[in-house]
Amino acid sequence: MAHFLERLMAAQDGWARPFGEFNHRWLSALFRPIRPLKDLLNGTWLGHPVHAALSDAPIGILTVVVVLDVLGYPAAADVALVLGILSMIAAAVAGVADYTDTDGRARARATLHATLMVVSLVAFIVSLAIRADGPADRSVPVVLVIVGYVVLLAGGFVGGDLVFRFGNMVDRHAWRTGGAKWLPLEVPGDDVPEGSPTKAKLGANTLVLIRSGDTIHALHDQCAHAGGPLSGGTVIDGCIECPWHGSRFRLADGRLRRGPALYDQPSYEVRRGEHGWEARRAGA
Ligand code: FES
């Protein structure tokens, strides 16, 4: 079953990839001048994806609509349907912000998720429009809600896949630990140039070092958002900006200053030891 479902979803990549590329272009242009609003929708201020929090409401409310329709409570079903549509629109607005910063296969899967959700939303809106006319026979709007609900569940499944299989909006450092012990740090050329991001190896981890006078700031090189290389980024206002989607982390402690990332970046202490450069996780 699992393999069948994965094949079914992957089979949609043929249309989902180009459609996703197209959406990525206009959504990026739309959000570029309004980044603070996008951060708000991503959940950078909350440290949690807003879309994930909001998406529970429509699924619960629309489940109630189906139950009320089937049991024959038309007035209550209609009120719940209005609430379900409104909560679905709210979840979609937040989801669009996350969708803008997907890449590769995750973007194709997110496109499939978004398309299914739009199809189900249209079914719910049409059903509501028919109900508003007060028809004696409610079979068409009820069937529309049931069809929309099935599509909604399929869209929810694909959305879950996007998170659990592709790690979309998941903290890339969730399992990263660090001891208090100082470990050897391999710095290319044994020097850290002023203001320029420099890659360095700390065991299996890659760090990015930025010298600021006598201070050397060190963060993990892999961006907490989607794994972009911070060593390829730009230093701006005491932060490093990720080259992939523009998240900014404070050099001094890895604190997140701008999304779409939701989590702080692991930071490290660096010193010149007896045998060369050494580093350890800050606060370990
Ligand atoms: S990978 Fe997305 S902002 Fe860094």
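At what angle do helix α7 (residues 104-132) and helix α8 (residues 139-164) pack, and how far apart are their axes? The legends below begin with that pair and describe a predicted model.

**View 1. Packing of helix α7 against helix α8.** The two helices, residues 104-132 and residues 139-164, pack at an angle of about 160 degrees, and their axes are 8 Å apart. An angle over 145 degrees counts as roughly antiparallel, and α7 and α8 are therefore roughly antiparallel to each other. Their crossing is left-handed. The residues of the contact of α7 with α8 comprise 20 nonpolar, six polar and three charged.

**View 2. Packing of helix α3 against helix α6.** Helix α3 covers residues 35-42 and helix α6 covers residues 74-100; they pack at an angle of about 110 degrees, with axes 8 Å apart. That angle makes α3 roughly perpendicular to α6. On the α3 side the contact is made by K38, L41 and N42. On the α6 side it is made by V93, A94, A97 and D98. By class, the residues of this contact are four nonpolar, one polar and two charged.

View 3. The chain is divided into domain 1, residues 2-164, and domain 2, residues 183-281. Between the C-alpha centres of domain 1 and domain 2 the distance is 38 Å. Eleven residues of domain 1 are in contact with nine residues of domain 2. On the side of domain 1 that touches domain 2, one residue is nonpolar, five are polar and five are charged.

**View 4. The six-stranded sheet.** This open sheet has the strand order β1-β10-β9-β4-β3-β2, and the pairing is antiparallel. At its edges stand β1 (183-184) and β2 (198-202); each has a single partner strand, so one side of each is left without a neighbour in the sheet. Strands of a sheet pair through backbone hydrogen bonds, either parallel or antiparallel.

View 5. P184 has E278 in β10 as its bridge partner.

View 6. Which strand is joined to strand β9 (residues 267-273) by six bridges? That strand is β10, which runs antiparallel to β9. A hairpin of two residues joins β9 to β10. Bridge partners across this pair include R272 with W277 of β10 and E269 with R280 of β10. Strand β4 (residues 215-220) also pairs with β9 in the antiparallel sense, over two bridges. In that pairing, L219 has S267 of β9 as its bridge partner.

**View 7. The four-stranded sheet.** A further open sheet has the strand order β5-β6-β7-β8 with antiparallel pairing. Its edge strands are β5 (234-236) and β8 (256-258), each of which pairs on one side only. Direction ignored, neighbouring strands of this sheet are turned by 35 degrees against each other on average. Two bridges link strand β7 (residues 248-250) and β8, in the antiparallel sense. R248 has R258 in β8 as its bridge partner.

View 8. Most residues other than glycine have a negative phi, and most peptide bonds are trans. Which two residues are joined by a cis peptide bond? They are G259 and P260, and omega is about 20 degrees. P260 is found in the loop between β8 and β9. D190 is not a glycine, yet its phi is positive, at about 65 degrees. D190 is found in the loop between β1 and β2.

Key:
Residues are numbered from 1 along each chain as its sequence is written. This is a predicted model: local features need pLDDT of at least 70, side-chain atom pairs count only at pLDDT 80 or more; totals for chains, interfaces and linings use all residues. Axes are lines fitted to C-alpha atoms, for helices over the stretch in contact, and angles run from 0 to 180 degrees between N-to-C directions. Angles under 35 degrees count as roughly parallel, over 145 as roughly antiparallel, 65 to 115 as roughly perpendicular and the rest as oblique. A crossing is left-handed if the near helix is turned anticlockwise from the far one by less than a right angle, and right-handed if clockwise. Ala, Val, Leu, Ile, Met, Phe, Trp, Tyr, Cys and Pro count as nonpolar, Asp, Glu, Lys and Arg as charged, and the others, Gly among them, as polar. Domain bounds come from an automatic or database domain assignment. Two residues are in contact if their C-beta atoms, placed from the backbone, lie within 7 Å. Two strands pair if DSSP finds at least two bridges between them.
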